[in-house]
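Hi,

Here is the structure I promised to pass on.

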Amino acid sequence: RNRTAVAKPLPAYFTMAEQIVGIGAVMETSPSGNLQVTRLVPGGPAQMQGGINVGDMLTMVDGVDVRGMDLGKVAPLIRGSVGTSVTLAVMRPGASETTPVLLTRQPTAKITGPSFGDSKGSPIKDDGFGGSNVKIDEAFPKQTLDKLRQLRVTLEQERIAVAKEREQSAKLQATLEGQIEKLEMRCKQLLQALESVDGQQAG
C-alpha cells in the first residue's frame with residue numbers, strides 16, 4: 001500500500017523570519033552629532049543592494065528623524081526580521097538635500113564589527129547590522145550557534161580520545177617489540193646451548 005510521505009517541519013532555529021538583522025552598515029557618531037556610515041559589511045544589504053555609501057549621514061529611519069540620536073536608540077529602528085524593508089534618508093557629503101534609500105534586511109555570512117566611539121569617546125560595539133553593544137560572530141539564530149559550539153566541543157573530545165588511543169597503541173607496540181626482542185634473544189641463547197651440547201656429545 002502506497003504511503004504519502006509527510007515532510008517534518010524544520011526546527012524553529014531554521015526559521016528565517018525569526019532572525020533579527022539589519023542593513024550591514026557600520027556607523028559612528030560624527031563631530032556634528034549625527035550618525036555617519038564608516039564601513040559597509042561585505043555581502044550585507046547596504047553593499048549588495050546599493051544606495052548607501054561610506055561618508056553618508058543618516059537623517060531618518062522609516063520616517064523618524066534620527067539626527068542627533070545616538071546609535072543605541074537608532075539601532076532598534078534599523079534592525080528587524082529577515083526580508084522586511086526599511087526606508088532610510090541619508091545626506092551625501094556636499095549635498096543640500098537628503099536621498100531616500102529603501103533596503104531589505106538580510107543576514108550576512110560573517111560579521112566582524114569593530115569597536116568605535118560615540119561623541120564622548122566611549123567605545124561602542126557594533127555588529128555590522130546597525131545594533132549597538134551587541135557582539136555577533138555569525139548571522140545565525142542562537143540555537144544554531146549553540147548546536148555548532150556543542151558539536152565543536154564533541155569533536156574536540158573525540159580528537160583527544162583518538163590521540164590517547166594512538167598513544168596507548170604506541171606504548172603497546174613498544175612493549176610488544178621489547179618482548180619479541182627478549183624472546184629472540186632467549187631463542188638464540190637456547191640454540192647456542194643446544195649447539196654446545198651437540199658438540200660435547202660428538203666429541
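A word on terms before anything else: I call a residue buried under 20% relative accessible area, exposed over 50%, and partly exposed in between (1.4 Å probe, protein chains only). Please keep in mind that this is a predicted model, where local features need pLDDT of at least 70 and side-chain atom pairs count only at pLDDT 80 or more, while totals for chains, interfaces and linings use all residues. Residues are numbered from 1 along each chain as its sequence is written, and side-chain values use heavy atoms, with hydrogens and water left out.

Overall layout

The chain has three helices and ten strands; these are DSSP runs numbered from the N terminus, helices being H or I with at least four residues and strands being E with at least two. Reading from the N terminus, the order is β-β-β-α-β-β-α-β-β-β-β-β-α. Of the 203 residues in the chain, 28% are buried. The accessible surface is about 13700 Å², and carbon and sulfur atoms hold 56% of that; areas come from the Shrake-Rupley method with a 1.4 Å probe, and for residues only the protein chains shown count as cover. Taking contacts (heavy atoms within 4.5 Å) with a separation of 6 or more, 54% are between residues 24 or more positions apart.

The core

The largest nonpolar core has 19 residues, and Ile23, Met27, Ile52, Leu58, Val61 and Leu88 have the most contacts inside it. By nonpolar core I mean a set of buried Ala, Val, Leu, Ile, Met, Phe, Trp, Tyr and Cys residues joined through side-chain atoms within 4.5 Å. Strands S2 (25-29), S3 (35-40), S4, S7 (85-91) and S8 (98-104) and helix H2 (71-78) each give it two or more residues.

S2 runs antiparallel to S3, with five bridges joining them; strands count as paired if DSSP finds at least two bridges between them. Thr29 has Leu35 in S3 as its bridge partner. The two strands form a hairpin with five residues between them, and Gly33 in the turn has a positive phi of about 95°.

Asp62 sits in the loop between S4 (57-61) and S5 (64-65). Its phi is near 50°, which is positive although the residue is not a glycine. Asp62 is partly exposed, at 44% relative accessible area. Gly63 lies in that loop between S4 and S5 too, and is exposed at 57%. The C-alpha atoms of Gly63 and Leu88 are 7.8 Å apart, with 25 residues separating the two along the chain.

Salt bridges

There are four salt bridges in the structure, each being a side-chain nitrogen of Lys or Arg within 4 Å of a carboxyl oxygen of Asp or Glu. Here are some of them:

- Arg67 and Asp65, with closest N and O atoms 2.6 Å apart. Arg67 is exposed at 51%, and Asp65 is partly exposed at 36%.
- Arg159 and Glu156, at 2.7 Å between the closest N and O atoms. They are three residues apart in helix H3 (residues 142-202), so about one helical turn separates them. Arg159 is partly exposed at 48%, as is Glu156 at 36%.
- Lys171 and Glu167, at 3.7 Å between the closest N and O atoms. These are four residues apart in H3, so again the separation is about one helical turn. Lys171 is exposed at 53%, whereas Glu167 is partly exposed at 44%.

A patch on the surface

Leu148, Leu151 and Leu155 make a nonpolar surface patch of about 270 Å². Patches are made of residues with over 30% relative accessible area and no salt bridge, with like charges joined within 9 Å and nonpolar side chains (Val, Leu, Ile, Met, Phe, Trp, Tyr) within 5 Å. Leu148 is in H3 and is partly exposed at 42% relative accessibility.

Cheers
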